[in-house]
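Here's a quick tour for anyone meeting this structure for the first time. Take a look at the picture, then read on.

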Amino acid sequence: MPLPLIPAAFLLAGLIGYGAKKGYDGIDSMKDAKDIGEEAEARHQDAVRRLDGARGVLQQQLDALSARRDGIITTTFRRLFDFLEQLSQKARLEALERLGTVGVSREEVRLFAAQYLEAGGTLSGSVAAAVTGAGASALTTGLVTTFATAGTGAAMSGLSGAAANSALLAWLGGGSLASGGLGVAGGTVVLGGIAVAPAVAVVGFVLAHQGEKAKTKAIAYAEEVDAQVASIDAAIALLARACTRVEELSGVLGALDERAGRALDALWALGGRFDAEDDVHLARFATAMQLVKAQSELMRMPLFADGGDLNTQLETLLEQSRGLLQRGTS
Amino acid sequence: MTLKTELSLKDVLTGIQVVADCVRDIQKERTEQTRLREQSRVDVEHIHAMRDVLMDYLDRSFDERRENFRQLFERLDGAIASDNVGMAAAVLESVVKLADASPFKALRDVAATRAALGKETEWKF
C-alpha cells in the first residue's frame, strides 16, 4: 500500500467508527423514546385506575345516602302520616291549620308528602286532601327533580355507568392523548452516491438526529401525561371531598332523623288524646313536622352544584376544578 | 446495491452539509428536551400547588361546618327540650341553610373570577 494512503485509511476507519457510534446513539435514543412513551402510558393508566377506584368509593357513599333517604321516607315520613291518619278529621285539620304559626307552610308539607308518595308511600284520601288541599296525584308536579329524582334510584345507581361514558372521562381519562408516532423515527436513509465511510458517518448522524427527534416527541408526550396525571390526582382528591360532602349530608339527615324519631315517639305517646288546642300537644306535633320538613328540604338539596342531576352536578364540579388547575388563562 | 468507491467533491460537500445539519438539529432537539422537562416540572408543580390550595380550602370549610352543625344541634336539642317551637324552627332553618351552602358552590365563583381576570379586562373606576 502506498504510504500516502495510510492516513487516508485511518481517516476512513475513524469515520466508519464515529459514524457507527452515532448510529448506535441514534438507535439507543429511539429505544429511550419508546421506554419513555411506554412508562408515561403506564403512569396514565395507573392514574385512570385510581380515579375509577375513587369514583367507586363515591358511588358507594351515594348509594348509602340513597338508602338512608329511602329509609327516612318509608319510616319517619310514614309514621307522621300514620299519626295524621289516626286523628279525626277535625283534629287533623286544626293541627295543620295551626302549623303556619310555627313556620311550616302548607307548600312545605306538600313537598315532603310528594317525596313520600314518590318513594311508594300511600296516603289515605282524607289525609292527602288535608295536607295538600288538592288531589294526591297533583303532588308530584311540585317535586324538585335534583335530589328527589336521584333518590328514586335511577339516577344514582346509574351514576357509575353514565359517568363512565360522560365527558367527565373525556378529560379525566386522557382521551385526547395521542399514542401514535412514538418510537417511530427510523426513516429511510439513502446511500446512493456516497462512499462507504462518509456514508456510515452521515447515516450515523442522521440516525442520531432521528433518535433525538423521537426522544423529544416522547418527552413531550410524557409531559402531557404528567400534567394529566397531576390533574387526575387533583380530581381524585376532589372526589374524596365530594365523599365528605355526602357524609356530611348523610350525617345531618341522620341527626335530624334521630330527633324526628323521638319527636314522633312523643307524639304517638299521646295516643288518641291529641288536642290541637293544647299547646304541649301542638308543640310536639310542630316539632315533629319541622324536623321532617327540614329532612325533606335536605333531601331535595343539590349536593355539588346548582341544577342538573347528580351526574351533571359532579361533572360541573370537576370541570370547575379543572378550570382552576389550568396554568394561566388565555 | 452498488456503492461508489471514489468521492467527488460534490459528494464530500453534501456529506459535510448533512452532518453539519444533523449536529445543529441534534443540539436543537436536546435544548427542546430540556425545555420540555422543565416545563413539565413547572406545570405539575403548579397543578399540585393549586390542588393543595383547593383541598385546604375545602378541608377547612368542612371542619368549620362540622363545628357549626354541632353547635346548631346543641341549640336544637335545647329548644326541643324546652318546647320552644319558634327557636327550634329558627335553628332548623339555619341547619338547612348551612347544608345548602356547599363549599363546592364557591368553586364556581372562584372559577368565574379567575376566568374574568384572565381576559383582556378593561378596568373602569
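How many salt bridges are there between chain A and chain B? The count is four. Before going further, keep in mind that this is a predicted model. Chain A comes with eleven helices and zero strands, while chain B has three helices and, again, zero strands.

**Where the two chains meet**

- Chain A puts 62 residues into the contact, and chain B puts in 58 residues.
- Interface size is often quoted as the accessible area that is lost when the parts come together.
- Here, about 5500 Å² is buried between chain A and chain B, and carbon and sulfur atoms give 70% of that.
- One of the four salt bridges between the chains pairs A:Arg259 with B:Asp77, and their closest N and O atoms sit 2.6 Å apart.
- There are also eight residue pairs in polar contact between chain A and chain B, counting pairs with both residues at pLDDT 80 or more.
- Sorted by class, the side of chain A that touches chain B has 34 nonpolar, 14 polar and 14 charged residues.

**Chain A on its own**

- Reading from the N terminus on, the elements of chain A run α-α-α-α-α-α-α-α-α-α-α.
- Chain A has 330 residues, and buried ones make up 50% of them.
- Take the contacts in chain A between residues at least 6 apart in sequence: 85% of them join residues at least 24 apart.
- The accessible surface of chain A is about 13800 Å², with 58% of it belonging to carbon and sulfur atoms.

**Chain B on its own**

- Along the sequence, chain B follows the pattern α-α-α.
- Chain B has 125 residues, of which 34% count as buried.
- Among contacts in chain B between residues at least 6 apart in sequence, 62% link residues at least 24 apart.
- The accessible surface of chain B comes to about 8300 Å², and carbon and sulfur atoms account for 57% of it.

**Salt bridges to look up**

- Over all chains, the structure holds 29 salt bridges.
- In one of them, A:Asp233 pairs with A:Arg50, with the closest N and O atoms 2.6 Å apart.
- A:Asp233 lies in helix H9 of chain A and A:Arg50 in helix H1 (residues 5–86) of chain A, so this pair ties together parts that are 183 residues apart in sequence.
- A:Arg50 has 34% relative accessibility and counts as partly exposed.
- A:Arg78 and A:Asp82 also meet through their side chains in a salt bridge (3.5 Å, N to O).
- These two, A:Arg78 and A:Asp82, are four residues apart in helix H1 of chain A, so about one helical turn separates them.
- Over in chain B, B:Glu45 forms a salt bridge with B:Arg41, and the closest N and O atoms are 2.9 Å apart.
- B:Glu45 and B:Arg41 both lie in helix H1 (residues 9–81) of chain B, four residues apart, which is about one turn of the helix.
- B:Glu45 is partly exposed at 46% relative accessibility, and B:Arg41 is partly exposed at 40%.
- Back in chain A, salt bridges that share partners join A:Asp46, A:Arg50 and A:Asp233 into one network.

- Where does A:Ala276 lie? You'll find A:Ala276 in the loop between H9 and H10 of chain A.
- A:Ala276 has a relative accessible area of 1%, so this residue counts as buried, the cut-off being under 20%.
- Setting aside neighbours within four places in sequence, A:Ala276 is in contact with A:Ala91, A:Glu94, A:Ala95, A:Arg98 and A:Leu282.
- A:Ala276 and A:Leu93 are 183 residues apart in sequence, but 9.1 Å apart in space, C-alpha to C-alpha.

Technical notes. Residues are numbered from 1 along each chain as its sequence is written. Chains are lettered from A and ligands numbered from 1 in the order in which they are written. Side-chain values use heavy atoms; hydrogens and water are left out. Contact means heavy atoms within 4.5 Å. Buried area is the accessible area (1.4 Å probe) that two parts lose on being put together, summed over both. A polar contact is a pair of N or O atoms within 3.5 Å; within protein, one must be able to donate a hydrogen and the other to accept it, and residues adjacent in sequence count only if both atoms are side-chain atoms. Ala, Val, Leu, Ile, Met, Phe, Trp, Tyr, Cys and Pro count as nonpolar, Asp, Glu, Lys and Arg as charged, and the others, Gly among them, as polar. Buried means under 20% relative accessible area, exposed over 50%, partly exposed in between (1.4 Å probe, protein chains only). Accessible areas come from the Shrake-Rupley method with a 1.4 Å probe; for residues, only the protein chains shown count as cover.
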